[in-house]
Amino acid sequence: MRCHVATSCHVVWLFVLISGCWGQVNRLPFFTNHFFDTYLLISEDTPVGSSVTQLLARDMDNDPLVFGVSGEEASRFFAVEPDTGVVWLRQPLDRETKSEFTVEFSVSDHQGVITRKVNIQVGDVNDNAPTFHNQPYSVRIPENTPVGTPIFIVNATDPDLGAGGSVLYSFQPPSQFFAIDSARGIVTVIRELDYETTQAYQLTVNATDQDKTRPLSTLANLAIIITDVQDMDPIFINLPYSTNIYEHSPPGTTVRIITAIDQDKGRPRGIGYTIVSGNTNSIFALDYISGALTLNGLLDRENPLYSHGFILTVKGTELNDDRTPSDATVTTTFNILVIDINDNAPEFNSSEYSVAITELAQVGFALPLFIQVVDKDEVSPQIHGPSRPAPPCFGGDPRP
């Protein structure tokens, strides 16, 4: 009977002891924020020092709670107010550098600690202007590039998302000779080019993102160099070439210098000179390279072939690199007059003259005699004839 009573007393005591221990068991706190089950979105332009969220937790024992954050990276970007659970930003966010974080937060009731991880997404804002790649931009094209030909592609990208990352291109100001595809950045020729008018174009390319609130843009320079092609005939300079030359000028005398130039300015070619027509008896010579027109023989104005001068036609021909003539030519025509010098003595129309007169001829009688003097030089001839009385030829009385 005692043993039974004693055993019963031990069982009761053990029950009281266990019941007392269960009454002192601590219940741990737990987070009540829903973002632990999804994610937390924080805009990348959130100012440093701003509150980004507040940790919420419950403790069934109503113990005071202490909040915290774990991890080196998380601690660099976020701080937690221990008593309130307010989370604030410690340094700037940049979605283009780091778009998300995995952060471990903790809550403690001084007897135990609970931790949970949350995925923090960095929200994009349009904070990046487009960036051009592979600069500087420069291209060389020949002046005969056909209209509509694509000649260059510019490329710019924007790391922002959505419309803020979509780039459109334009020229500022617009060009009269080139167009750019707004979406692809392809530059094309829209008007005929001419090296002799413009040798280079400096264009400004504008790349703009399509953000509706605050679009950002960037400028880049595009240099288009125009190269020359042989598309123009030569021209004579110092026209007209009409001139005079004295007869009997020594052979080799320079009559005129003929000069033509290539109108293609980028890489002008040399000119070869030739006489096309009007060079009677090859009296003139034209140097093929220098264009010096010289006398090539004796020039006598009294020669009927030369007395009226010359109408000379000369040609200038552009020369290829191997000095052969090209198809690019120019011609000009000019007059050369021969100036007379007094190099001929007058000549009578006869070597001797005879006339018969009667002895009854009176003073003042016109003799039937015609005397003419001819001078081949440009001097009016002197003529003596019946219109002018002859002086007396004999002495004495003219009567019988």
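**Entry 1**

I began at valine 103, which stands opposite valine 118 in E9. I noted that the model is predicted, so local features need pLDDT of at least 70 and side-chain atom pairs count only at pLDDT 80 or more, while totals for chains, interfaces and linings use all residues. Residues are numbered from 1 along each chain as its sequence is written, and side-chain values use heavy atoms, with hydrogens and water left out.

I then looked up how E8 (residues 100–108) and E9 (residues 113–123) run: they are antiparallel and joined by 9 bridges. Two strands pair if DSSP finds at least two bridges between them. Strands (E, at least two residues) and helices (H or I, at least four) are DSSP runs, numbered from the N terminus. Another facing residue is glutamate 100, opposite glutamine 121 in E9. The hairpin of E8 and E9 has 4 residues between the strands, and histidine 110 takes a positive phi near 75° there.

**Entry 1: the sheet around them**

Which strands make up this sheet, and in what order? I read the order as E2-E9-E8-E5, an open sheet of 4 strands with mixed pairing. Its edge strands are E2 (40–43) and E5 (66–70), each of which pairs on one side only. From one strand to the next the twist averages 35°; axes are lines fitted to C-alpha atoms, for helices over the stretch in contact, and angles run from 0 to 180 degrees between N-to-C directions.

E2 and E9 pair in the parallel sense, over 4 bridges.

**Entry 2: the whole chain**

I counted the secondary structure of the protein chain as 2 helices and 30 strands. Of its 400 residues, 34% are buried. Buried means under 20% relative accessible area, exposed means over 50%, and partly exposed is in between (1.4 Å probe, protein chains only). The accessible surface of the chain is about 24,300 Å², and carbon and sulfur atoms hold 55% of that. Accessible areas come from the Shrake-Rupley method with a 1.4 Å probe; for residues, only the protein chains shown count as cover.

I also checked contacts (heavy atoms within 4.5 Å). Among those between residues at least 6 apart in sequence, 65% join residues at least 24 apart. As one case I took threonine 243, in strand E20 (residues 243–246). Leaving aside neighbours within four places in sequence, threonine 243 is in contact with Val255, Arg256, Asn335, Ile336 and Leu337. Threonine 243 counts as buried because its relative accessibility is 19%.

**Entry 3: salt bridges**

How many salt bridges does the whole structure have? The search finds 10, where a salt bridge is a side-chain nitrogen of Lys or Arg within 4 Å of a carboxyl oxygen of Asp or Glu.

One of them joins lysine 98 and glutamate 73, at 3.5 Å from N to O. This pair links distant parts of the chain, 25 residues apart: lysine 98 is in the loop between strand E7 (86–89) and E8, and glutamate 73 is in helix H2 (residues 72–77). Lysine 98 is partly exposed at 29% relative accessibility, and glutamate 73 is partly exposed at 31%.

Glutamate 302 and arginine 301 form another, with the closest N and O atoms 3.2 Å apart. Both glutamate 302 and arginine 301 are buried. I also noted a network in which salt bridges that share partners join Arg95, Glu96 and Asp124.

Most residues other than glycine have a negative phi, and most peptide bonds are trans. I looked for exceptions.

The peptide bond from glutamine 135 to proline 136 is cis, with omega near 0°. Proline 136 lies in the loop between strand E10 (131–132) and strand E11 (137–142). Another cis bond joins glutamine 172 and proline 173, with omega about -5°.

In the loop between strand E23 (271–277) and strand E24 (284–286) I found asparagine 281, which has a positive phi of about 55°. Serine 282 is placed in the loop between E23 and E24 and has a positive phi of about 50°. Are these two residues buried or exposed? Asparagine 281 is exposed at 54% relative accessible area, and serine 282 is partly exposed at 43%.
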